[in-house]
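Here is a briefing on one predicted model. Please look over the sequence and the fold first.

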Amino acid sequence: MKIIVFGATGNTGKRVLARGIKMGHEMTAFVRNSEKLYDQLGERSAQHVKVIMADIMDPVSVGEALAHQDAAIIAAGHAGQGEEFVRIVDNIITQCEFQPSFSGRVWIMGGAGLLGIPYTDLIGNNLPGFPPEYKNHNRNFERLQQTQLDWSIMCPGTMIVSIEHPDPVHLHVTTETLPVPIPEMIKEYSEADIARHLFSRLQELDVAYDDVAKCMLDHIELGGSFKRKRVGLAYQSDILVHRGEGR
């Protein structure tokens, strides 16, 4: 597949790019700084990437970059940028809509606070105590819901370089709701108590950048099971699963 990565030198984007090359995809990197990209990729990998150095806020540059691409992964910007982050995502989504030769498959980055809390009609980003800048993810999610594109929004917790697990684990993937067990009694909690409960369990949502990149690339085809879905990730102990199956 032909896949373009926006923000290809960031922590997530560079891993998507490297993994996509190994998987045999035709990768395009949309970046501000090509020298940084070449330093990260190394000479051998760089030979397998088409590099576009342009302004991500320029509609014409973004639209031309999307021509004949099968999928776009938007890993540019972060919620702390505020309005700029929202404009970045809106510009790329708009050009995805307008570019007739773009297939329509898009992944964007969100956060775990976008996921539904089981047994409630709440999401973390709207709870007291959650950083107000996280609501920029809400705005991007609302933008996606207005488009006819085949989109998915990756909603990890804190992403880190690597994670050492004392027990064997597997990656548990959910759509729309948090990927960790939530007690049913939470529906009786106040919003403040729900927020405190989630804050006490944030570490359970830590996930490696590489696993985030792998999940997106493993579900990059049009019309897949994650079409127009929020996607959550968490590690689940294989030991606990096997014990549960034995009962």
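Which residue in β6 does Arg105 stand opposite? Arg105 faces Asp150. This is a predicted model, in which local features need pLDDT of at least 70, side-chain atom pairs count only at pLDDT 80 or more, and totals for chains, interfaces and linings use all residues. Residues are numbered from 1 along each chain as its sequence is written, and side-chain values use heavy atoms, with hydrogens and water left out.

**Sheet**

- Eight strands form an open sheet with mixed pairing, in the order β3-β2-β1-β4-β5-β6-β10-β8. Strands (E, at least two residues) and helices (H or I, at least four) are DSSP runs, numbered from the N terminus. Two strands pair if DSSP finds at least two bridges between them.
- The edges are β3 (49-53) and β8 (169-175), each of which pairs on one side only.
- Neighbouring strands of this sheet are turned by 20° against each other on average, direction ignored. Axes are lines fitted to C-alpha atoms, for helices over the stretch in contact, and angles run from 0 to 180 degrees between N-to-C directions.
- Strands β5 (residues 105-109) and β6 (residues 150-154) run parallel and are joined by five bridges.

**Helices on the sheet**

- Helix α4 (residues 59-66) packs on the sheet and touches β1 (2-6), β2 (26-31), β3 and β4 (71-74). Contact means heavy atoms within 4.5 Å. The direction of α4 makes about 155° with that of β1.
- Helix α5 (residues 83-98) lies across β1, β4 and β5. α5 runs at about 175° to β5.

**α1 with α8**

- Helix α1 (residues 11-22) packs against helix α8 (residues 209-218) at an angle of about 55°, with the axes 9 Å apart. That makes α1 oblique to α8. Angles under 35 degrees count as roughly parallel, over 145 as roughly antiparallel, 65 to 115 as roughly perpendicular and the rest as oblique.
- The crossing of α1 and α8 is right-handed. In a right-handed crossing the near helix is turned clockwise from the far one by less than a right angle; anticlockwise is left-handed.
- From α1 come Asn11, Thr12, Arg15, Val16, Arg19 and Gly20; they meet Tyr209, Asp210, Val212, Ala213, Lys214, Met216 and Leu217 in α8.
- This contact of α1 with α8 has six nonpolar, three polar and four charged residues. Ala, Val, Leu, Ile, Met, Phe, Trp, Tyr, Cys and Pro count as nonpolar, Asp, Glu, Lys and Arg as charged, and the others, Gly among them, as polar.

**α4 with α5**

- The axes of α4 and α5 come within 9 Å and cross at roughly 50°. The two helices α4 and α5 are therefore oblique to each other.
- Their crossing, α4 with α5, is right-handed.
- Pro59, Val62, Gly63 and Leu66 of α4 make the contact with Asn91, Ile92, Gln95 and Cys96 of α5.

**α5 with α6**

- α5 and helix α6 (residues 135-145) have axes that come within 9 Å and cross at roughly 15°. α5 and α6 are therefore roughly parallel to each other.
- The contact of α5 with α6 has five nonpolar, four polar and five charged residues.

**Aromatic pairs**

- The structure holds four aromatic pairs. Rings of Phe, Tyr and Trp (its six-membered ring) pair if their centres lie within 6.5 Å; planes under 30 degrees apart count as stacked, over 60 as edge-to-face and the rest as tilted.
- Trp107 and Phe226 have ring centres 6.3 Å apart and planes at 85°, so the pair is edge-to-face.
- This pair links distant parts of the chain, 119 residues apart: Trp107 is in strand β5 and Phe226 in the loop between α8 and β10 (229-237).
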